[in-house]
Each structure stands twice: as structure tokens, then as C-alpha cells.
Amino acid sequence: TCSTAVYSSFVQQPGALELEISKALLSIFTSHTNTNTTTTTTTTTEKKKKNTSNTPSSTTILHSTPSDELGPSDYSPEDLLPPTKQLSVDIDEDDAIIRDELKRELLLLSSITNRGQHSSNDEMNIVVDIVTQLEALNPTPQPAAVFHLSGEWDLCFASTQAFRSSPFFQSIRAIFGGGDGAGSSSSTGTGTVSGDASMAENAFRLHDAATSVGKVGRVRQVISEDGSFVSEVDLEVGVMGGLPIVVKGTVVTSATYDVTGPETFDLKVVSTVVKKSNVPFLDQLLDDYPLEVPVGDIYETLRGSVPVAKLKTFYIDEAMRITRDQDDNFYVFCRS
């Protein structure tokens, strides 16, 4: 009935049906268009998100250079090695005043530290600095020349045990090798050892401990132009700790030396003898029948050769000499 009424109204109003049909078609078309637009927009957004998620992010990558592909460098591996100490010659006459001041300070520290044997770390560091400065201000072109070395010298400072300045102990140290050679760089100036050289160091420490109840007195070297080298070390050794009984004597070691460079000379021990003993009758007995130990011959028999101790003198003037051993220990001597 309703459909008939609507149809009758369309018939009674010409064009009304066509108008309603047009509206319906327009509505359907508009709805379809909006749906497609929404779908298209949604699809486009999803594509953008997908494209965005697929786009790789910017990443910083650190590359390390393999050890076999060396890149540019500001230094070579040799620069990291400790430099070998070189002889310096100072020709500036005005530096004589500086040398005198440094020597005075060195001798002062020597007197208050018993030649360095009782020095603190700070005092030793000061002396190391003074010695380094003096070596840089060395006024002599060939400090190891015979006419410079010859004379009588007293030990006034040592960066290690004083008795080690003797050729006897230098030969023991030379047997074990090690070290970088006399005059090699050392941060402390007190020397370094490596390998079998530590065995020699242990022996020296034991000797130092064995004589701890006594003391090392005057240490003297007499160097002649004919190549002879004589070391005299005065010793006072307690027989028993706590008892006022002290045995005194002078250990005299003979050696030969050979100059091998402007600052270098080789030392070979020959013999050792004890003199000037304070033991009753022993002093006279030793004078009448000196007990001289042929250390050099013993070395020849046992090992086929006499060990060579290589020493370097980096400073010498008319009054002072500074000599270093293969472990870079330094010995400061004053001319007697």
C-alpha cells in the first residue's frame, strides 16, 4: 500500500521519480568515492610507514687497522726504546761557574749521606739530577783518554754499593752479562739488571749483608798511564755483632785497562790481596808472606778467559770524574 502511494505521488508529480533516482545514484557515488578515498589514504599511509621502516638508519661504524696494515704515525717503534747515553762536550767557558756550583752541591750531599750509602730517595734523586747535568756540561772531549784518567782518585759518591767500584766485583758482574751496556738510559740513575745479572745482584746483596756489622772505609783508585789499575778498599768487619771486636784491612785489587773509545775503557782483573790488617801478627805475616789471589789466572783456568768490565766516563775535569758501569750505576771520584 505504501509503495502504491509513493508511486502514485511520482505519477502525479512528473519528474519527481527521476529526481529521487538521481539523488539515490549521487548518494551511492559519493559514498563509494569517500570509501575509495579513505582506502587510498590508508593504503598510502601504510606504504609510507612501510617505506619508513625499511629505510636503513644512519650508523657510525668504527674500523680498526689490522696490525699488519700500518697507518701513518708520528713516531717509529725505535722512538719508544730508551736512548743510549751519548758523550757531550761543553765548550762554553761561561758554564764553568755552573759546573762549580753543581760540584759543590754534589760534594755537600756526599758528606751528609756517607757517599750516598745512607741517602734518602729524595736525596738520591737530587744527586741523579746533578750528575746528569754535569755529564751534559762535560768540558773534556776525550774523558777516557789515558792522560785524563791517570792519577789518584777517591770515591766520593756511588749510586750503588761502594765496594762495587772495585775491579774484583766489576769482573763478577761482567760474567753474568745482561744490562744494556755502560751508559744506557736509566730513569733513576741507579741501574737496572736483567736475566742472569740478577744472580750477581743477589751475590752483591749477600756480601753487603755479611759486612753490615762493619763498614766500607776509604775507596781509592790509582790509575797509571802504562795501563795498570789499582783499587784499594778499606774494610772494617765486626767479628760478632754487639762485640767491640773489629777486623780491619785493605783489599787491594790489581787490574789492567784498555781505552776503547772517547769515553769507554775495558777493565780486566789480575789479582787481589789483603793488606794492613789490624790482627796481631797477621799484619806482619801478610807483609812477609802476602797472600795474593791470582783472580785473573783463576778465571783463565775455569772459564778460558778473563771477564771484561766495560766502563764509561761521561764527565772528567781537573778535579772530578764520573764513571758508569754496565748497569748504569755511577761512581763519582775526586782527584786526591
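Among contacts in the protein between residues at least 6 apart in sequence, what percentage join residues at least 24 apart?

1. Overall make-up. The share is 66%, where contact means heavy atoms within 4.5 Å. This is a predicted model in which local features need pLDDT of at least 70 and side-chain atom pairs count only at pLDDT 80 or more, while totals for chains, interfaces and linings use all residues. Residues are numbered from 1 along each chain as its sequence is written, and side-chain values use heavy atoms, with hydrogens and water left out. The protein has nine helices and nine strands; these are DSSP runs (helices H or I, at least four residues; strands E, at least two), numbered from the N terminus. Of its 336 residues, 34% are buried, that is, under 20% relative accessible area, with exposed meaning over 50% and partly exposed in between (1.4 Å probe, protein chains only).

2. Length of α3. Helix α3 covers residues 96-112, and its 17 residues should span 24 Å at 1.5 Å a residue. The expected span is 1.5 Å times one less than the number of residues. The end C-alpha atoms of α3 lie 25 Å apart, which agrees.

3. Arg-99, Leu-102, Lys-103, Leu-106, Leu-109 and Ser-110 are buried. The buried residues pack against α4 (121-136) and the strands β1 (151-158), β7 (309-316), β8 (320-324) and β9 (330-335).

4. Packing of α3 on α4. The two axes come within 10 Å and cross at roughly 150°. That makes α3 roughly antiparallel to α4, a term for angles over 145 degrees. Axes here are lines fitted to C-alpha atoms over the stretch in contact, with angles running from 0 to 180 degrees between N-to-C directions. The contact involves Arg-99, Leu-102, Lys-103, Glu-105, Leu-106, Leu-109 and Ile-112 of α3, and Glu-123, Ile-126, Val-127, Ile-130, Gln-133 and Leu-134 of α4.

5. Positive phi at two non-glycine residues. Asn-114, in the loop between α3 and α4, has a phi of about 55° although it is not a glycine. Asn-114 is partly exposed, with a relative accessible area of 35%. Asp-328 is also not a glycine and has a positive phi of about 75°. Asp-328 lies in the loop between β8 and β9 and, at 3% relative accessibility, counts as buried.

Note on methods: Angles under 35 degrees count as roughly parallel, over 145 as roughly antiparallel, 65 to 115 as roughly perpendicular and the rest as oblique.
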